[in-house]
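Me: I would like to go through this model with you. Could we take the pocket, the charged pairs and a few individual residues in turn?

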Amino acid sequence: SGWSWVPGWFAGNSWLLPAAVLVVVLPFLVAEPFVRYAVHRWELSGDVVYARSGYLTREWVFVPVSRIQTVDKGQGWMERLLGLATLEIRTASHAGSSTIKGLDFAVAAGLAEQLAHRAEELRDDAT
């Protein structure tokens with residue numbers, strides 16, 4: 001009596017709604033990791049961190065290691081659940097900063113340590 005607004009065909013087949021949602025959402029859940037892998041790249045080469053992201057519009061960011069001020073790694077609850085992390089590389093200029101998402105936690109920790117150490121070495125050489 002409380003569900004009188006629901007069509008009769010749906011009242012007898014209430015399993016259709018979760019099934020329809022699953023059919024619509026499942027392809028996106030399966031494809032999303034592959035799309036992210038295809039559109040996000042990063043590389044540390046010598047004195048530059050290179051990051052590329054985007055599918056329809058692409059953004060390339062080159063961050064000189066000598067200009068790095070802070071390197072932070074963080075995890076949201078979903079990243080923590082999956083063992084991933086986000087690495088934020090900050091410079092004095094917002095345009096020179098970069099964020100690398102979806103790294104394995106051990107890779108993010110190692111890269112953060114390596115970048116901080118290399119930035120310190122390059123700053124010492126410049127003075």
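This is a predicted model: local features need pLDDT of at least 70, side-chain atom pairs count only at pLDDT 80 or more; totals for chains, interfaces and linings use all residues.

Me: How much space lies in the largest pocket?

Reply: The largest pocket holds about 810 Å³ of space.

Me: How many residues line it, and which lie nearest its centre?

Reply: The lining of the largest pocket consists of 26 residues. Nearest the centre are R36, H40, K101, G102 and L103.

Me: Which element gives the most?

Reply: That is β6, which supplies seven residues to the lining of the largest pocket.

Me: And what is the make-up of the lining by class?

Reply: The lining of the largest pocket has 11 nonpolar residues, eight charged ones and seven polar ones.

Me: Changing topic: how many salt bridges does the structure hold?

Reply: There are four salt bridges in the structure.

Me: Let us take R118. What is the distance between the closest N and O atoms in its salt bridge with D47?

Reply: In the salt bridge between R118 and D47, the closest N and O atoms are 2.7 Å apart. R118 belongs to helix α4 (residues 105–126) and D47 to the loop between β1 and β2, so this pair ties together parts that are 71 residues apart in sequence.

Me: Are those two residues buried, exposed or partly exposed?

Reply: R118 is partly exposed, with a relative accessible area of 27%. D47 is also partly exposed, at 37% relative accessibility.

Me: What about R118 and E121, and how are they placed in the helix?

Reply: The side chains of R118 and E121 form a salt bridge, at 3.0 Å from N to O. The two residues are three apart in helix α4, which means that about one helical turn separates them. E121 is partly exposed, with a relative accessible area of 33%.

Me: What can you tell me about D72 and R90?

Reply: D72 and R90 form a salt bridge whose closest N and O atoms are 2.4 Å apart. Since D72 lies in strand β4 (residues 68–74) and R90 in strand β5, the pair ties together parts that are 18 residues apart in sequence. D72 is partly exposed at 32% relative accessibility, and R90 is partly exposed with a relative accessible area of 35%.

Me: Now R52. Where is it, and is it buried or exposed?

Reply: R52 is in strand β2 (residues 48–53). R52 is buried, yet it has no salt bridge.

Me: What does R52 touch, then, leaving out residues up to four places away in sequence?

Reply: R52 touches A38, V39, H40, R41, R58, E59 and W60.

Me: Last one: where is S98, and is it buried or exposed?

Reply: S98 is in strand β6. S98 is buried, with a relative accessible area of 8%.

Me: Which residues are in contact with S98, leaving aside neighbours within four places in sequence?

Reply: S98 is in contact with A51, V61, V63, L87, E88 and I89.

Terms used
Residues are numbered from 1 along each chain as its sequence is written. Side-chain values use heavy atoms; hydrogens and water are left out. Helices (H or I, at least four residues) and strands (E, at least two) are DSSP runs, numbered from the N terminus. Buried means under 20% relative accessible area, exposed over 50%, partly exposed in between (1.4 Å probe, protein chains only). Lys and Arg count as positive and Asp and Glu as negative; His and the chain ends are not counted. Contact means heavy atoms within 4.5 Å. On a 1 Å grid over the protein atoms alone, a cavity is a set of points where a 1.4 Å probe fits but cannot get out, and a pocket is an open set with protein on both sides within 12 Å along at least five of seven lines; lining residues have an atom within 4 Å of a point. Grid points are joined across faces, edges and corners, and a volume is the space filled by probe spheres set on the points. Ala, Val, Leu, Ile, Met, Phe, Trp, Tyr, Cys and Pro count as nonpolar, Asp, Glu, Lys and Arg as charged, and the others, Gly among them, as polar.
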